[in-house]
Amino acid sequence: MSTKNDHSLLVVGSIAFDSIETPSGSVDDALGGSATYFSYAASFFVAPRLVGVVGEDFPEEHKRLFASRKIDTAGLVTLPGLTFRWKGRYHQDLNTRDTIAVHLNVLADFDPRLPEQFRDSTHIFLGNSSPALHARVLDQIRRPRFVMADTMDLWIDTQRDDLLKLLPRLDGLLLNDSEAHLLTGQDNMVRAGKAILQLGPKFVIIKKGEHGAMLFSQEGVFVIPAYPTGEVVDPTGAGDSFAGGIMGHLTSDDSPPPGRLRRAMAYGTVVASLTVEGFGLDRLKRSERREIEERIEKYRNMLAF
């Protein structure tokens, strides 16, 4: 059996400045992006390796924040120009949002080149980006043991063929219910999940927002509810934190495979529940592993019957 010391987690994704409006208030230029939320969430379990791009406007304090979480930023590239920016406004129900502005800036032409020391990474998370870019990243990994990718409606619409080529190279695909419908044409999520399995990945996780998530694999279907919190301030980054909790726990967990992925989903769910209780990373910054374990225990008791 492998030891924990030879497991390493790599994330490739976006780093952004987010300006967010919700019924609870607003924030400007908060540190965000898929790789940011993922790596911070994963850092409760392992020391993740981050690959991303920022502009010359990216402050040193954010790099120090990554360092404080033992996030390896050898793959963080600074290019001339401005960092990716996103602005969005959430509706009263917090389930729907409007994108007000997107400025890709330096992210527009980013083509990741992994540092040599990152090419032996064992666990890989491909944050929301084009499947063609995902494939180029995988080509640089020597012997990946576990690969999970996120996708979105844009890539399903515009790069479907590349996505279909990528799916057999994945252990897991992460997407939400509307994306699963778009990919398969199925309205019923059980049929959609099973249809995606036929496309090549070993498992599929369909996110259903406040209604939890569904796991589809050869072992069957597993449904997990969201952790109940009445303090939803900002849902931004919840899905990436969910993924970070899953992959962070999987990378650190040497227990036998049966049930390992289900446990990891529980940890991802709990980390995501903390994320939404503040704007950006604010709530995660105030969290400790002890608090995650306390919520896991409450969650486990809640689900027992």
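This note sets out numbered points on the fold, the cores and some single residues of the predicted model above.

1. Basis of the note. Residues are numbered from 1 along each chain as its sequence is written, and side-chain values rest on heavy atoms, with hydrogens and water left out.

2. Overall form. The chain holds eleven helices and 13 strands; these are DSSP runs, H or I of at least four residues for helices and E of at least two for strands, numbered from the N terminus. Its C-alpha trace spans about 50 × 45 × 40 Å along the principal axes.

3. Of the 305 residues, 54% count as buried, where buried means under 20% relative accessible area, exposed over 50%, and partly exposed in between (1.4 Å probe, protein chains only). Contact means heavy atoms within 4.5 Å. Among contacts between residues at least 6 apart in sequence, 63% join residues at least 24 apart.

4. The nonpolar cores. A nonpolar core is a set of buried Ala, Val, Leu, Ile, Met, Phe, Trp, Tyr and Cys residues joined through side-chain atoms within 4.5 Å. The largest has 51 residues, and those with the most contacts inside it are Met148, Ile205, Ile246 and Met265. Helix α9 (residues 260-275) gives the most to this core, with nine residues. Apart from it lies another core, of 33 residues, including Leu114, Val147, Leu170 and Met189. Leaving aside neighbours within four places in sequence, the contacts of Met148 include Ile124, Phe125, Leu173, Ile205 and Ile246.

5. Helix α6. Glu179, Ala180 and Leu183 are buried in α6. They cover an arc of only 100° around the axis, which puts them on the same side of the helix; the arc is that of the directions from the helix axis to the C-beta atoms. The buried residues of α6 pack against α4 (153-158), α5 (160-166), β10, α7 and β11. Just after α6, Gly185 takes a positive phi of about 80°.

6. Helix α7. In this helix (residues 189-197), the buried residues are Met189, Ala192, Gly193, Ile196 and Leu197. Seen down the axis, they fall within an arc of 140°, so they line one face of α7. Their cover includes β10 (172-176), α6 (177-184), β11 (203-207) and β12 (213-217). At the N-terminal end, Asn188 caps α7, with a side-chain oxygen 2.9 Å from the backbone nitrogen of Val190.

7. Ser8 belongs to the segment before β1 (9-12) and is buried, with a relative accessible area of 11%. Not counting residues up to four places away in sequence, Ser8 touches Arg49, Asp120, Ser121, Thr122, His123 and Thr251. Val46 lies in the loop between α1 (34-42) and β4 (49-55) and is buried, with a relative accessible area of 17%. With the same exclusion of sequence neighbours, Val46 touches Leu9, Gly248, Thr251 and Ser252.

Notes:
Predicted model: local features only at pLDDT ≥ 70, side-chain atom pairs only at ≥ 80, totals over all residues. Polar contact = N/O pair within 3.5 Å; in protein donor to acceptor, adjacent residues only side chain to side chain.
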